Amino acid sequence: MGEHEKAVRLMQEYIHEHISEEISIADLANVCAYSPWYTRKLFLEKLKLTPADYIRRLKLSKSALRLRDEHCKILDIAMEMGFGSVDGYQRAFRKEFGCNPKEYALSPIPLWLFTPYLIALKDGRRQKEMCETRNIFIQVIEKPERKVILKRGIKANEYWSYCKEVGCDVWGLLTSIKSIGGEPVCLWLPEKYRNPITNEYVQGVEVENDYSGVIPDGFEMITLPAATYLLFRGEPFKEEEYETAIQEIWDAEKKYDPGFIGYEWDKDNPRIQLEPIGTRGYIEFIPVKKS
């Protein structure tokens with residue numbers, strides 16, 4: 001990976017760690033050791049946004065989640081997120097999301113949140129294997145009957161083909177919908193939940209069975225029954241090694257025999273994937289039933 005990509009990744013990490021503070025171009029220049037002029041040019045070249053736009057959109061999205069989940073004053077959020085005035089914050093919020101923050105706090109609706117990915121810290125070569133012995137943790141989990149709001153495609157069967165077909169920004173909208181699991185999910189749907197023209201792999205959000213909120217245009221809601229899952233979780237990993245971390249779990253799933261604990265694989269319920277986050281390890285839920 002080149003020095004420019006590393007510099008932009010360092011800037012992104014700094015922004016995400018200090019998002020509630022005022023961040024200047026001088027701060028970012030100090031992080032990547034380039035001039036302020038070149039820092040801005042490099043950021044725009046690699047991410048197609050200026051640092052100011054990136055920071056503003058991320059602040060607004062973080063503030064939207066706070067408005068959804070916390071009982072806090074608009075003034076407090078505006079000041080804490082560094083907007084200087086309530087009027088300025090309200091104008092920026094409406095321009096970004098098309099609604100007033102006070103109205104949104106009273107009645108949250110799905111929003112297209114800005115959820116940028118950190119630039120990949122890998123080069124064109126095959127990722128290094130994780131040589132040390134690493135543990136896989138397995139736990140039996142019971143999921144209740146619930147609804148899932150999801151976006152279908154046509155041919156996608158994994159993350160990258162789904163993003164190419166449907167778009168990566170779907171994740172931001174799903175993140176804005178309050179989930180019973182605290183985050184969106186990716187699912188491989190069994191045949192019974194698909195029709196001849198839709199795909200196996202989808203992104204969605206699990207919500208309560210009595211959900212009566214807005215379903216975004218182009219999305220739909222299905223019901224999943226109560227089911228038993230085996231949670232497979234790997235150890236924490238470096239973000240640039242995410243592909244290896246995922247493969248570790250997939251290899252463990254292929255080798256594992258659920259009959260050892262009195263179960264068999266359940267092909268009538270979806271396999272579930274959580275966002276790969278290095279600090280917690282990669283996680284998948286595989287459905288099982290009593291054998």
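Exposed here means over 50% relative accessible area, and buried means under 20%. Keep in mind that this is a predicted model.

With that cut-off in hand, select Ala33. Its relative accessibility is 65%, so Ala33 counts as exposed. You'll find Ala33 in the loop between α2 (25–32) and α3 (36–47). Check the backbone while you're there: phi is positive, about 65°, although Ala33 is not a glycine. Most residues other than glycine have a negative phi.

Now go to the loop between α3 and α4 (51–69), where Lys48 is found. Lys48 also has a positive phi, of about 65°, and is not a glycine either. How accessible is Lys48, buried or exposed? With a relative accessible area of 65%, Lys48 is exposed.

Next, the rings. A pair of aromatic rings is described by the distance of the centres and the angle of the planes. The count comes to 14 aromatic pairs. Start with Tyr159 and Trp160: this pair is edge-to-face, 4.9 Å centre to centre with 80° between the planes. Trp160 is exposed, at 51% relative accessible area.

Then pick Tyr229 and Phe285. Their ring centres are 6.3 Å apart and their planes stand at 85°, so this pair is edge-to-face as well. Tyr229 sits in strand β6 (residues 227–234) and Phe285 in strand β9, so the pair ties together parts that are 56 residues apart in sequence. Tyr229 has 0% relative accessibility and counts as buried, and Phe285 is buried too, with a relative accessible area of 10%.

Last stop: the second largest pocket, which holds about 370 Å³ of space. Which residues lie nearest its centre? Select Trp188, Asn269, Arg271, Ile286 and Pro287, out of 18 lining residues. Zoom in on two of them: Arg271 lies over the face of Trp188, at 3.6 Å from the ring centre.

Now colour the lining by element. α10 (242–255) and β9 (283–290) each supply at least two residues, and α10 gives the most, with three. Colour by class instead and you get eight nonpolar, two polar and eight charged residues.

Conventions
Residues numbered from 1 in each chain as written. Predicted model: local features only at pLDDT ≥ 70, side-chain atom pairs only at ≥ 80, totals over all residues. Heavy atoms only, no water. 1 Å grid on protein atoms, 1.4 Å probe; cavity = no way out; pocket = protein on both sides within 12 Å on 5 of 7 lines; lining within 4 Å. Points joined across faces, edges and corners; volume = space filled by probe spheres on them. Helix = DSSP H or I, 4+ residues; strand = E, 2+ residues; numbered from the N terminus. Nonpolar A, V, L, I, M, F, W, Y, C, P; charged D, E, K, R; others polar. Phe/Tyr/Trp six-rings, centres within 6.5 Å; stacked < 30°, edge-to-face > 60°. Buried < 20%, exposed > 50% of the residue type's maximum accessible area, 1.4 Å probe, protein only. Lys NZ or Arg CZ within 6 Å of the ring centre and 35° of its normal.
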